[in-house]
Amino acid sequence: MTTAPHDNEFESTADRESTRDRPGPEVMERARGPRQYSARYKAGILAEYETLDKEAKGALLRREGLYSSLISEWRKQRDRGARAALAQPSGRPPADPLERENSVLRRRVGQLEGELDRARKVIEVQGKLSVLLEQFATDSTPTARGETK
């Protein structure tokens with residue numbers, strides 16, 4: 001009996017061990033959570049679904065892999081959202097008088113702190129200038145012999 005080159009006789013021990021460590025060719029299915037759909041996708045599907053006849057609606061659901069219960073739930077979500085949006089008054093929300101006064105006062109405090117910083121710098125510069133002028137005046141005072149220092 002002749003042996004083919006692919007028989008186990010020609011495989012080294014390292015080859016046999018490496019094939020044992022390799023995972024099998026079968027891909028294990030991962031458990032997935034429920035699918036999540038974006039608001040844009042839901043709105044698009046609802047708009048398309050509502051324009052179709054009964055047969056085309058079934059085809060759309062099969063094509064997208066959806067159930068009619070999802071469509072019903074998405075309609076409810078859309079209607080709740082639309083009612084909530086319509087219930088809100090239009091325009092800018094009214095400002096609380098305390099918050100308005102608080103923001104005005106904070107702005108004023110910021111302005112006053114800036115002015116205070118500038119005044120402190122001016123006072124510091126004036127002090128340094130006064131010291132320099134005093135030194136200059138004392139250095140240039142005439143001595144008893146009529147010479148300046």
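How many aromatic pairs does a search of the whole structure find?

Modeller: This is a predicted model, and a search of the whole of it finds three aromatic pairs. A pair of aromatic rings is described by the distance of the centres and the angle of the planes.

Take Tyr 37 and Tyr 41 to begin with. Their ring centres are 5.4 Å apart and their planes meet at 10°, so this pair is stacked; planes under 30 degrees apart count as such. Tyr 37 has a relative accessibility of 18% and therefore counts as buried, the limit being under 20%. Tyr 41, with a relative accessible area of 24%, is partly exposed.

Tyr 41 also forms an aromatic pair with Trp 74. Here the centres are 6.2 Å apart and the angle between the planes is 80°, which makes the pair edge-to-face. Tyr 41 belongs to helix α2 (residues 39-51) and Trp 74 to helix α4 (residues 68-87), so the pair ties together parts that are 33 residues apart in sequence. Trp 74 is buried, at a relative accessible area of 4%. Through these ring pairs, Tyr 37, Tyr 41 and Trp 74 are linked into a cluster.

Now the setting of the cluster. The chain has five helices and zero strands, and the order of its elements from the N terminus is α-α-α-α-α. Of its 149 residues, 7% count as buried. The chain exposes about 13,900 Å², of which carbon and sulfur atoms supply 55%. Among contacts between residues at least 6 apart in sequence, 38% join residues at least 24 apart.

Helix α3 (residues 54-64) has buried residues too, namely Gly 58, Leu 60 and Leu 61. Seen down the axis of α3, the buried residues fall within an arc of 160°, so they line one face of the helix. An α-helix has 3.6 residues a turn, so residues three or four places apart point the same way. The other side of α3 carries Glu 55, Arg 62 and Arg 63, which are exposed. After α3 comes Gly 65, with a positive phi near 70°.

To return to the rings: Tyr 41 takes part in the stacked pair with Tyr 37 and in the edge-to-face pair with Trp 74.

Technical notes: Residues are numbered from 1 along each chain as its sequence is written. This is a predicted model: local features need pLDDT of at least 70, side-chain atom pairs count only at pLDDT 80 or more; totals for chains, interfaces and linings use all residues. Side-chain values use heavy atoms; hydrogens and water are left out. Rings of Phe, Tyr and Trp (its six-membered ring) pair if their centres lie within 6.5 Å; planes under 30 degrees apart count as stacked, over 60 as edge-to-face and the rest as tilted. Buried means under 20% relative accessible area, exposed over 50%, partly exposed in between (1.4 Å probe, protein chains only). Helices (H or I, at least four residues) and strands (E, at least two) are DSSP runs, numbered from the N terminus. Contact means heavy atoms within 4.5 Å. Accessible areas come from the Shrake-Rupley method with a 1.4 Å probe; for residues, only the protein chains shown count as cover. The arc is that of the directions from the helix axis to the C-beta atoms.
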